[in-house]
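This report goes through selected features of a single protein model. The sequence and coordinates come first, and the description comes after them.

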Amino acid sequence: MEKISNKISETFIPVDEEGAERLEVAGQPVVIYRPKRKVVGMTFLVTAAAMPISKYTSIINALTSADHVVVGIYVNAITLNRQAHRQKAEAIPRIFEELKSEFRVKKYDIVGHSVGGKIALVTAALFDSEQNLIRNIIALDPVDQHPVEFTNDLLKQAMAGGSNDNNSKKSNLSLASSKADITVTFTDCGGIVGKKHHAREIQKKNPTVELVLHRNAGHMVYCDDGGVLSWKALMARGQSADRNDAVKAETLHLIKEKAMKATISGSASGKASGVVAKAKKEWKSAKAELKELGDDAQK
């Protein structure tokens with residue numbers, strides 16, 4: 001029993017990377033990862049429910065190599081409700097206000113996974129319409145559930161008329177007023193992600209959002225393996241190692257490219273071009289693999 005407990009702990013217990021700083025900023029626990037060179041941008045990384053921030057080390061490294069300071073925000077599975085989601089979303093601009101002077105940045109990006117992706121979108125919809133401080137959002141396979149914020153079936157509600165069903169009284173949040181560059185990815189993995197509340201449905205209702213297809217990859221493909229249990233194996237689909245590796249490489253390229261497309265401070269690192277070139281080389285290799293595996297992914 002102790003052996004099993006230790007194996008599970010290796011996967012589920014968060015372990016900070018060297019140099020990570022655990023702080024409380026604006027009343028919110030965060031983990032900060034600093035780049036080795038001068039900071040030119042800030043990205044908030046919002047996890048999937050109960051997913052340790054350490055499971056996103058590849059993403060963190062991609063961002064810090066692009067000279068972004070990363071602010072990790074953990075999402076507790078116990079607090080999955082509208083109030084908790086919106087509190088997390090509202091905390092992001094407050095944290096930014098406290099950190100922007102230290103890191104000399106004017107805007108920020110958000111990368112969120114699963115419910116963390118949904119929280120990133122809520123931040124844009126509710127807490128940035130006047131400030132316009134969000135530069136980029138990448139929502140990795142966002143899950144718009146518990147509660148639904150963007151993908152309520154308004155036609156069904158209208159047809160229900162005077163129904164007392166709570167859903168008939170809800171409207172959808174909109175991303176139309178956001179000036180951020182917003183991208184969502186879609187794995188179509190099934191499982192915990194409802195068919196009517198995934199990234200494609202969010203994009204249908206917000207056509208200015210860019211949709212990237214990652215079909216036939218697992219919902220946890222964006223996380224790093226570690227310990228004994230594979231997060232990818234916890235979902236019903238996406239069992240192809242080649243497919244998952246190709247999608248992971250594409251995702252890291254996308255994140256790095258968005259981070260380096262335009263710096264927040266207005267100045268670029270002298271080594272930026274080398275990082276971009278390396279990312280492009282990795283992406284070309286991944287793209288070749290995607291072609292062999294099928295045309296499911298958006299090129």
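The model is predicted, so local features need pLDDT of at least 70 and side-chain atom pairs count only at pLDDT 80 or more, while totals for chains, interfaces and linings use all residues. Residues are numbered from 1 along each chain as its sequence is written, and side-chain values use heavy atoms, with hydrogens and water left out.

**Strands**

Helices (H or I, at least four residues) and strands (E, at least two) are DSSP runs, numbered from the N terminus. Burial is given by relative accessible area: buried is under 20%, exposed is over 50%, and partly exposed is in between (1.4 Å probe, protein chains only). Two strands pair if DSSP finds at least two bridges between them.

Strand 3 (residues 41–49) has eight of its nine residues buried, so the rest of the structure largely encloses it. Strand 3 runs parallel to strand 4 (residues 68–75), and seven bridges join the two. Within this pairing, glycine 41 has histidine 68 of strand 4 as its bridge partner.

Strand 7 (residues 181–186) is also mostly covered, with five of its six residues buried. Strand 7 pairs with strand 6 in the parallel sense over four bridges, and with strand 8 in the parallel sense over four bridges. Valine 184 of strand 7 stands opposite alanine 139, and in strand 8 the bridge partner of valine 184 is leucine 211.

**Helix 4**

Helix 4 (residues 115–126) has twelve residues. From first C-alpha to last it reaches 16 Å, close to the expected 16 Å, where the expected span is 1.5 Å times one less than the number of residues. Eleven of the twelve residues of helix 4 are buried. Among them are Val115, Gly116, Ile119, Leu121 and Val122, together with Lys118.

**Salt bridges**

A salt bridge is counted when a side-chain nitrogen of Lys or Arg is within 4 Å of a carboxyl oxygen of Asp or Glu. The structure holds 13 salt bridges.

| Aspartate 144 | Lysine 118 | 3.4 Å |

Aspartate 144 forms its salt bridge with lysine 118. This pair links distant parts of the chain, 26 residues apart: aspartate 144 is in the loop between strand 6 (134–140) and helix 5 (154–160), and lysine 118 is in helix 4. Aspartate 144 and lysine 118 are both buried.

Lysine 248 is buried, as is aspartate 224.

Why are glutamate 201 and lysine 204 separated by about one helical turn? They are three residues apart in helix 6 (residues 199–205). Glutamate 201 is buried, at 17% relative accessible area, whereas lysine 204 is exposed, at 53%.

Salt bridges also link Glu21, Arg34 and Glu102 in a network.

**Cavity**

A cavity is a set of points, on a 1 Å grid over the protein atoms alone, where a 1.4 Å probe fits but cannot get out; lining residues have an atom within 4 Å of a point. Grid points are joined across faces, edges and corners, and the volume is the space filled by probe spheres set on the points. By this rule there is one cavity of 30 Å³ or more.

The largest cavity has a volume of about 40 Å³. Its lining includes Thr43, Leu63, Asp109, Asn136 and Lys258. Strand 5 (108–113), strand 6 and helix 7 each supply at least two lining residues, and helix 7 gives the most, with three. By class, the lining has five nonpolar, two polar and two charged residues. Here Ala, Val, Leu, Ile, Met, Phe, Trp, Tyr, Cys and Pro count as nonpolar, Asp, Glu, Lys and Arg as charged, and the others, Gly among them, as polar.

**Aspartate 153**

Aspartate 153 lies in the loop between strand 6 and helix 5. Its relative accessibility is 36%, so aspartate 153 counts as partly exposed. Aspartate 153 and asparagine 172 are 19 residues apart in sequence, and their C-alpha atoms are 8.8 Å apart in space.

Key. 1 Å grid on protein atoms, 1.4 Å probe; cavity = no way out; pocket = protein on both sides within 12 Å on 5 of 7 lines; lining within 4 Å.
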